[in-house]
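Please read the points alongside the coordinates.

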Amino acid sequence: MPTTQDFERMLRGASLRVTRPRVAVLTAVRDHPHADTDSIIGAVRTELGEVSHQAIYDVLRALTAAGLVRRIQPSGSVARYESRVGDNHHHVVCRTCGAIADVDCAVGPAPCLTASNDQGFVIEEAEVIYWGRCPDCAIEPRS
C-alpha cells in the first residue's frame with residue numbers, strides 16, 4: 001500500500017508539486033476505492049480541516065490528467081475515482097445499491113483491446129462495465 005513518501009515520489013514523477021491537498025486526495029482515493037467527489041472531500045477535510053470544493057476538484061482534475069488516479073462514471077452515477085491505474089481492468093456495478101468493484105480482464109493480455117472491427121482507430125483502452133446485483137442485494141427479493 002503506498003505511503004505518503006510514495007505519493008510524494010509519484011507527484012514529483014508526474015511533474016506536479018507536492019502539496020498537502022494533493023497527498024490528502026491521493027490518500028483518500030487509495031483508502032476509499034471508487035469514491036465520489038463528496039466522499040473524497042469529506043476524507044480530505046477530516047485530515048486537513050477546511051479545504052474548498054474547488055480545490056479538491058482542481059486536485060482531482062490534475063491527478064487524473066497526470067494518470068495518478070482514474071475517473072470512472074458508470075451510467076446513471078456521479079464521477080468516481082480510483083487509484084488502480086495502468087492496467088486494463090473493468091468494473092461491476094450493482095443496479096440496486098450502486099456498489100462498484102474491480103474486475104480483471106477475463107482472459108489473456110488485455111483481450112478487450114482487440115475489436116472485431118476497429119474502424120481504422122488505434123485502440124488504446126477498453127471500458128467494460130458489468131451490471132448486476134451485489135451479493136448483499138442478490139439475497140433480498142426484488143420488489
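Against which elements do the buried residues of α4 pack?

1. This is a predicted model, in which local features need pLDDT of at least 70, side-chain atom pairs count only at pLDDT 80 or more, and totals for chains, interfaces and linings use all residues. Residues are numbered from 1 along each chain as its sequence is written, and side-chain values use heavy atoms, with hydrogens and water left out.

2. The buried residues of α4 pack against α1 (4–13), α2 (20–31), α3 (37–48) and β3 (80–82). Helices (H or I, at least four residues) and strands (E, at least two) are DSSP runs, numbered from the N terminus; contact means heavy atoms within 4.5 Å.

3. Ile-56, Val-59, Leu-60 and Leu-63 of α4 are buried (under 20% relative accessible area, 1.4 Å probe, protein chains only). They cover an arc of only 100° around the axis, which puts them on the same side of α4; the arc is that of the directions from the helix axis to the C-beta atoms. On the other side of α4, Arg-61 and Ala-65 are exposed (over 50%).

4. The axes of α2 and α4, lines fitted to C-alpha atoms over the stretch in contact, come within 10 Å and cross at roughly 75°. The two helices α2 and α4 are therefore roughly perpendicular (65 to 115 degrees, with angles running from 0 to 180 degrees between N-to-C directions). From α2, Pro-21, Arg-22, Val-25, Leu-26 and Val-29 make the contact; from α4, Ile-56, Val-59, Leu-60, Ala-62 and Leu-63 do.

5. Just after α4, Gly-67 has a positive phi of about 80°.

Terms used: Parallel < 35°, antiparallel > 145°, perpendicular 65-115°, else oblique.
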